Amino acid sequence: FEIVSLYVQASGDVIVQGIPLNYPNPFDPGTGSTTIGYTLSKPGNITLRIFDLAGNTILKNDYTSDQAGGRAGYNEITWNGKSTGGNYVGNGIYIYLIVANGAVVQNGKGKITVFKQ
């Protein structure tokens, strides 16, 4: 007996297959980084956005379909815990969104916990 996942999609949609995960979680930006891993159904121009719980954009990075982050299949993106301005973020929970063509990708969100020791 085997369970197999089936993904049905429209021809133009990019989806994240399964659930994106990041590790380690929680992480301490002073001593390391966290890696977000996800599998895309097809290549696409991807934007990774990280927000604080108040909805403020902390980081926005773009990845084209021909580079890691936007390729079909498994991708990994590393975040060092710094904002776009180069400052380390504070302790707390942050939300990441994987966006393709201006829309959040199906299954393309998760939480990161920052805990500085």
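**A buried threonine and an aromatic cluster**

At 15% relative accessibility, Thr 47 counts as buried, because the cut-off for that label is under 20%. Keep in mind as you look around that this is a predicted model. You will find Thr 47 in strand β3, which covers residues 46–52. Its side chain makes a polar contact with the side chain of Asp 62, at 2.7 Å.

Now let us turn to the aromatic rings. Searching the whole structure gives 2 aromatic pairs. One of them joins Phe 27 and Trp 79 edge-to-face, with 5.8 Å from centre to centre and 65 degrees between the planes. This pair links distant parts of the chain, 52 residues apart: Phe 27 sits in the loop between β1 (16–23) and β2 (34–40), while Trp 79 belongs to strand β5 (residues 73–79). Phe 27 is buried, at a relative accessible area of 3%, and Trp 79 is buried too, at 2%.

Trp 79 also pairs with Tyr 94: the ring centres are 6.1 Å apart and the planes stand at 65 degrees, so this pair is edge-to-face. Here again distant parts of the chain are linked, with Trp 79 in strand β5 and Tyr 94 in strand β6 (residues 92–100), 15 residues apart. Tyr 94 is buried, as is Trp 79. Taken together, the ring pairs link Phe 27, Trp 79 and Tyr 94 into a cluster.

Key
Residues are numbered from 1 along each chain as its sequence is written. This is a predicted model: local features need pLDDT of at least 70, side-chain atom pairs count only at pLDDT 80 or more; totals for chains, interfaces and linings use all residues. Side-chain values use heavy atoms; hydrogens and water are left out. Helices (H or I, at least four residues) and strands (E, at least two) are DSSP runs, numbered from the N terminus. Buried means under 20% relative accessible area, exposed over 50%, partly exposed in between (1.4 Å probe, protein chains only). A polar contact is a pair of N or O atoms within 3.5 Å; within protein, one must be able to donate a hydrogen and the other to accept it, and residues adjacent in sequence count only if both atoms are side-chain atoms. Rings of Phe, Tyr and Trp (its six-membered ring) pair if their centres lie within 6.5 Å; planes under 30 degrees apart count as stacked, over 60 as edge-to-face and the rest as tilted.
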